[in-house]
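Subject: Structure for you to look at

Hello,

Here is the structure I said I would pass on. My notes on what was found in it follow below.

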Amino acid sequence: MMQTYSANQYHKLDNFIGDVPVYLKIEGLNPAGSIKLKTAISLIEESERLGLLSPGRKVIESSSGNLGVALSMICAQRGYPFTCITDPNVNQVSVNLMKAYGAEVIVCDTRDRNGGFLGARIALIQEMIRQDPRYFWTNQYANPANPLAHYNRTAPEILQQRPNCKWLFVGAGTTGTLIGCARYLREKAPDVKLIAVDTVGSINFQEVPRKRLIPGLGTSRRPEILDRELVEHIEFVDEVETIRMCRSVALDYGLLLGGSTGTVLVALKRLWKQIPAGDEVVVISPDMGERYLETIYSDQWCDANFGSQMYQHSMVG
């Protein structure tokens with residue numbers, strides 16, 4: 001099975017919030033380009049260990065991009081045909097990467113009752129399984145192997161490599177990273193303050209859904225692995241703020257970050273007065289920004305979806 005990468009990749013954001021040291025835990029420097037490689041390995045290995053996945057089966061999963069890419073790689077290595085069910089918000093780079101690894105990519109453009117695509121994507125998976133029982137759904141939304149990956153790896157890495165960490169900021173998508181880290185910190189390091197960050201319009205922690213365009217954070221269907229009792233502080237960020245932050249960091253720090261990281265950095269900026277000077281902050285950065293050049297960093301895309309007045313810096317397109 002693929003080794004993920006050296007887990008000690010951090011980038012310090014000097015003077016991001018005054019006298020508070022801020023470290024990005026860079027998770028995009030692995031062959032799959034995102035933290036989802038850890039998730040994919042855990043999903044496949046645990047399924048094999050439990051006897052649920054074996055030669056002759058076909059893997060299927062719903063993904064907005066990053067997990068699909070990671071599973072495409074792992075399934076190619078292990079000899080499993082892979083089908084990714086995604087939606088129109090997926091970026092073309094991710095689609096091309098999945099196809100390069102031999103995956104079948106199906107774009108589901110039917111919206112669910114909350115205005116998103118996730119419910120419809122899952123319904124399509126369930127129908128495909130009924131028609132062909134050889135499909136095995138890894139089900140990142142309900143599979144304990146998802147948060148287990150981050151309980152076993154991501155959270156321990158942070159405490160080992162940044163032992164002075166006082167605050168950890170984590171985005172909430174399918175919530176595997178968030179819940180795995182939250183559970184580990186509650187057991188092993190309860191003094192570390194965990195801040196969850198979600199997108200306005202997601203129903204992970206909110207009840208009123210709203211149309212969202214940036215993949216990576218938020219859901220239109222609450223995942224079964226989400227344990228809201230583990231999360232004491234949640235910040236909600238509008239996608240316009242995400243775009244502004246990503247573009248600002250690109251120009252000010254020379255870092256092209258993905259939308260999830262930009263969203264979390266908005267929340268950090270918002271809370272900085274609550275953080276004592278000298279307290280070390282770690283921000284999990286799930287991926288880099290190359291996959292967002294045609295969206296977040298494209299003036300044309302931002303004009304079409306948010307209006308030119310909504311963003312600050314001109315970048316691409």
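Predicted model: local features only at pLDDT ≥ 70, side-chain atom pairs only at ≥ 80, totals over all residues.

In the contact, 25 residues come from domain 1 and 23 residues from domain 2.

The size of an interface is often given as the accessible area lost when the parts come together. For domain 1 and domain 2, the buried area is about 1,900 Å², with 51% of it on carbon and sulfur atoms. On the domain 1 side, Ser220, Arg221 and Arg291 supply 33% of the area buried against domain 2, more than any other three residues.

Next, the polar side of the interface. Two salt bridges are counted between domain 1 and domain 2. Lys38 forms a salt bridge with Glu157, and their closest N and O atoms are 2.9 Å apart. Twelve residue pairs are found in polar contact across the interface of domain 1 and domain 2.

Helix H5 (residues 145–161) gives eight residues to the side of domain 1 that touches domain 2, the largest share of that side. By residue type, the side of domain 1 that touches domain 2 has ten charged, eight nonpolar and seven polar residues.

Last, the chain as a whole. The protein chain contains nine helices and ten strands. Its radius of gyration is 19 Å, close to the 20 Å that the globule rule gives for 317 residues, so the protein chain is as compact as a globular protein of that length. The C-alpha trace of the protein chain spans about 55 × 45 × 35 Å along its principal axes.

Regards

Conventions
Residues numbered from 1 in each chain as written. Heavy atoms only, no water. Contact = heavy atoms within 4.5 Å. Buried area = accessible area lost by both parts, 1.4 Å probe. Salt bridge = Lys/Arg side-chain N within 4 Å of Asp/Glu carboxyl O. Polar contact = N/O pair within 3.5 Å; in protein donor to acceptor, adjacent residues only side chain to side chain. Helix = DSSP H or I, 4+ residues; strand = E, 2+ residues; numbered from the N terminus. Nonpolar A, V, L, I, M, F, W, Y, C, P; charged D, E, K, R; others polar. Rg over C-alpha atoms; globule rule 2.2 N^0.38 Å.
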